Amino acid sequence: MPRISVLAGGILSFVTLTVCPSAALQPDVIRSIGGLPPRIVRQFEEPAAFQQAANGMYYVFDRRAHAVWTVDPGQTLARKAVTIGAEPGRILDPYGFDVAPDGSFVVADIPKGEDRIQIFDQAGTWKGGFFIHGNTGVRITIGNLVLNGIGAVRHTGRSLLVNNPESDALFTEYSLDGRSAQSIGRLRPTGHEQDRDLHVAMNRGLPLVDPMGGFYFVFITGQPMFRKYDAEGTLVFERHIEGREIDELIASQPSIWPRRVEDREVPVVTPVVRTAAVDTRGRLWVSLAVPYTYVYDNAGDKVRSVQFSAAGTISPVSLSFSPRGTLLVTPGCYEFAVD
C-alpha cells in the first residue's frame, strides 16, 4: 500500500493509504429486462440485428434465412417483410442492415458478386437501390457472420453511410438514390501499406451517427480505436480503446497475417471489436471480441465497462437503442435498461 509523509507541528509522520480501484472501471453486469418472446425468436435462423422504429415496430435481420422480419409493438406476431432472391426487392447473401427512425430500412447484399444496397419502406416495400462497384475488399468475419457488414451500413433517414476504405476514405455518405455526397476520414496508418488488402482490412469499421452532432467511426480490426468527426467531416478527436479485459487479446495479434484463397488470396483478419452503437446522450458503446462492452462519453473518455447477462453472458453481435432508450441486443433479441 502507498505511504505519504505528513509534516504537522514540526513532526514528520507517515500515513498508510488504502487505494480502491475506481468503481467506474469495474465491469457492471446488466441483466435483461425482456426482449422478444422465445416463441417468436425460434422462427429466426440467425438474428444478426434487432432494432425498433419510432412507431414501435421491431425489425429483425435474419441473415442466414436471407430475410428481414417485422414484429408488431405488442410482440404477438412476426412476419417476413423481405425474402430471399436476387431480383430487386429481394435479398441474396445479405451482410448489412439498418433501420431509420421512420421505419424505412436498408439491406446490403451481394447477388452477383457485387455489393448492392436496397432501400425498403416500413412495410418492406422496395423503394430503390444501387450497386457499389469495385468494393471487393476483405470481409471481416467470425464463422459465417460478416461483422464489418452488420454495422457498416447506416441509414440516417436522409442518407446512407457506408464503410468503404477501398475508396481511400473511411466511409462515404450516399444519397438515397446512390449519389456520393461526401467521403469522410483518412485511412489510418497500419504499417501494411504495401499489402493493399491487409491495409484496407485494417481500416474496416463502423460509421455511426451521433445524435448530438457529427459521426463516430470505430475500427474493428488491428489496434482498437475510434474517431469522432463533426458534421462536415472534420476530425474532432481520436481515442485508443484500452482495458485490462482486452490486454491479452491485443497482445495475441499476429505480426504476420496468414492468408487463404477465396476468389483470390486474401489475408485472414480477425476482429477485435464486434459491434458498436451510440445512445441518445451521445455516449459510444463498443462491444469487443471478448464478452465486454466499453462505454465512452462524448469527450471520448471511458466511463463504464459492462457485461450483458440473459441466458448466460452475451457477446453482442449487434447493439441498437430503442426509442425509449433501452438497448436491444443480438443474439437472442434481448432488451436491457442501461441507465
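Two strands count as paired if DSSP finds at least two bridges between them. Strands themselves are DSSP runs of E with at least two residues, numbered from the N terminus. This is a predicted model, in which local features need pLDDT of at least 70, side-chain atom pairs count only at pLDDT 80 or more, and totals for chains, interfaces and linings use all residues. Residues are numbered from 1 along each chain as its sequence is written, and side-chain values use heavy atoms, with hydrogens and water left out.

The partner of S30 is strand S31 (residues 327-330), joined to S30 by 4 bridges in the antiparallel sense. Within this pairing, Ser318 has Thr330 of S31 as its bridge partner.

Strand S11 (residues 115-120) pairs with two strands described here, S10 and S12. Strand S10 (residues 105-109) runs antiparallel to S11, and 5 bridges join the two. Phe105 is bridged to Phe120 in S11. S10 and S11 form a hairpin with 5 residues between them, and Gly113 in the turn has a positive phi of about 80°. Strand S12 (residues 126-132) is also antiparallel to S11, over 6 bridges, and Asp115 has Ile132 of S12 as its bridge partner. The hairpin of S11 and S12 has 5 residues between the strands, with Gly124 at a positive phi near 95°.

In a regular strand the side chains alternate between the two faces of the sheet. On S11, one side carries Asp115, Ile117 and Ile119, the other Arg116, Gln118 and Phe120, and all are buried. Buried here means under 20% relative accessible area (1.4 Å probe, protein chains only).

The largest pocket holds about 890 Å³ of space. Its lining has 40 residues, and Val99, Pro101, His155, Val209 and Val278 are the closest to its centre. A pocket is an open set of points on a 1 Å grid over the protein atoms alone, where a 1.4 Å probe fits, with protein on both sides within 12 Å along at least five of seven lines; lining residues have an atom within 4 Å of a point. Grid points are joined across faces, edges and corners, and the volume is the space filled by probe spheres set on them.

By class, the lining has 21 nonpolar, 13 polar and 6 charged residues. Ala, Val, Leu, Ile, Met, Phe, Trp, Tyr, Cys and Pro count as nonpolar, Asp, Glu, Lys and Arg as charged, and the others, Gly among them, as polar.

Methods. Buried < 20%, exposed > 50% of the residue type's maximum accessible area, 1.4 Å probe, protein only.
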